[in-house]
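Hi,

Here is the structure I promised to pass on. Have a look, and my notes follow below.

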Amino acid sequence: MTIPFLDLRAAYLELKSEIDAAVARVLDGGWYVLGPEVEAFEAEFAAYCGAAHAVGVANGLDALKLALRALNIGPGDEVIVPSNTYVATWLAVTQRGATPVPVEPDARTYNIDPDRIAASLTPRTRAILPVHLYGQPADLDPILAIARRHGLAVVEDAAQAHGARYRGRRIGSHGDVVCWSFYPSKNLGAFGDAGAITTNRADLADRIRVLRNYGSREKYVNEVVGVNSRLDPLQAAVLRVKLQHLDDWNARRRTIAAVYTDGLRDAPLALPHVPDWAEPAWHLYVIKTTNRDALQKRLTNAGVGTSIHYPIPPHKQKVYADLRLAPDALPIASQLADEVLSLPMGPHLEPAQAKEVSDLVATVLSKIDA
Ligand SMILES: *Cc1c(COP(=O)(O)O)cnc(C)c1O
C-alpha cells in the first residue's frame, strides 16, 4: 500500500481548469502587485470568516508580526503563547523584541489551557496569542474574559483553522486580530507563500494595510517604517478559487476523521478530543501513544506516510536557549512532542484508505501492547 501523508498535486488536478483560468486572468490583466485580485480575495475571505476586514500579506509569520506591531507590542512586553505550537507563533513575538511566555495546554485538547493563563500574567503582559492547533479551536471565551479583565489584546494564530467554528461561529473575528497562513499544505493553501489577517477593528486593519506596503497609504508618501509584505495577486487568484471549495474539502476531512475515530475507538491510544463547542477544521488528525516511534516506523515500512507536529517543542529549540527554561519546565508540551503522530489527512484521501490506515494502526499497537 502507498498512502501519502498529504497529496498536494491532487488538489491542483481537481481544480485545474478553474485555477489555470484564474492564473491566466491575472497574467492577462497586467496588474502584478496588489490590485483587483487581492482586493476581491480580501472581501471574499472576510465575508467567509464573518469578519469586517481582511488584509492580505506575504505569509503567516508576517501576519502575526504585523498584528503584534499594529498593537504596539515590542521590546519589554510579554505575550502569552502556547507551549505546544509550531515555532512560528513564538518567533513572531521574539522578532517584535517582545518575550514569549509559554503556557501549558489542556492535556486532552492539546490547546492552551485557559485555567493556567492567570498564573503567568505579569505587569508586562500585553497580549494572549492562542493557536487553534491541528484545526481544533482553542477555548476562546475564557481567554477573551481574562484579556478583558486585564486589558490585554487577543491575537489568534489561525494558520491551521480555516473554516473551524467555535460555539457555532467561524474562527476569524473573536479576538482583536486573527492571523492566517495560506502555506500550500494548509486547509486553504496557495501554490506558494501567502497569508492574511482578519479583524473587526477598522483601526488595526488600516494600520496593517499601511505597514504591509512600505508604510504607505499614497504612493511615494511614507508615514511609518513599513515593510514589503503584500499578498501576491497570482496567489490571491488561486485562493479565490480554492475558497469556493473549502467547506466541501473540510467536509471530506471530517469524513476521514470519522473513519479514524470509528476504527481506532478501542485501540490503545489517545484520540483527538473534540469538546461539544468545537467544530474542528481537521487540518491534522493527531493520535497520541507512548509507542509512537515504533508505530511510525511500522507505518513507514508499510507505505503509510505520517508526520510529527512537532518533534521538538519551541522551549527545547536552540533558538530559545536564552529564555533559560528548565528542560522539565513544560512537561505536557514535552510529552506531546514524544507521543503525538499525525495520520494521513486531506481532502484527497479516500475513506477506504483511511480505513486501511486505522486497521493497520490498531493491529500494530495491539501487537506492541501484547
Ligand atoms: C503554518 C503556520 C504558521 C506560519 O505560516 P507561514 O505562512 O509558513 O509563515 C504559523 N503558525 C502555525 C500554527 C502554523 O501552522
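**What I found**

Val87, Ala88, Thr89, Trp90, Ala92 and Val93 are the buried residues of helix H5, residues 87-95 (buried means under 20% relative accessible area, with a 1.4 Å probe and protein chains only; helices are DSSP runs of H or I with at least four residues, strands are E runs of at least two, both numbered from the N terminus). They pack against helix H4 (60-70) and strands S2 (78-82), S3 (99-103) and S5 (153-157). After H5 comes glycine 97, with a positive phi near 85 degrees.

Before going on: this is a predicted model, where local features need pLDDT of at least 70 and side-chain atom pairs count only at pLDDT 80 or more, while totals for chains, interfaces and linings use all residues. Residues are numbered from 1 along each chain as its sequence is written, and side-chain values use heavy atoms, leaving out hydrogens and water.

- leucine 61: a backbone N or O atom lies 2.9 Å from a ligand oxygen
- aspartate 157: a side-chain N or O atom is 2.8 Å from a ligand nitrogen
- lysine 186: a side-chain N or O atom is 2.7 Å from a ligand oxygen

The protein buries 91% of the 380 Å² that the ligand exposes when taken alone (Shrake-Rupley method, 1.4 Å probe).

Lastly, glutamine 136 is in the loop between strand S4 (125-128) and helix H6 (140-150). Glutamine 136 is buried, at 7% relative accessible area.

Cheers

Conventions. Buried means under 20% relative accessible area, exposed over 50%, partly exposed in between (1.4 Å probe, protein chains only). A polar contact is a pair of N or O atoms within 3.5 Å; within protein, one must be able to donate a hydrogen and the other to accept it, and residues adjacent in sequence count only if both atoms are side-chain atoms. Contact means heavy atoms within 4.5 Å.
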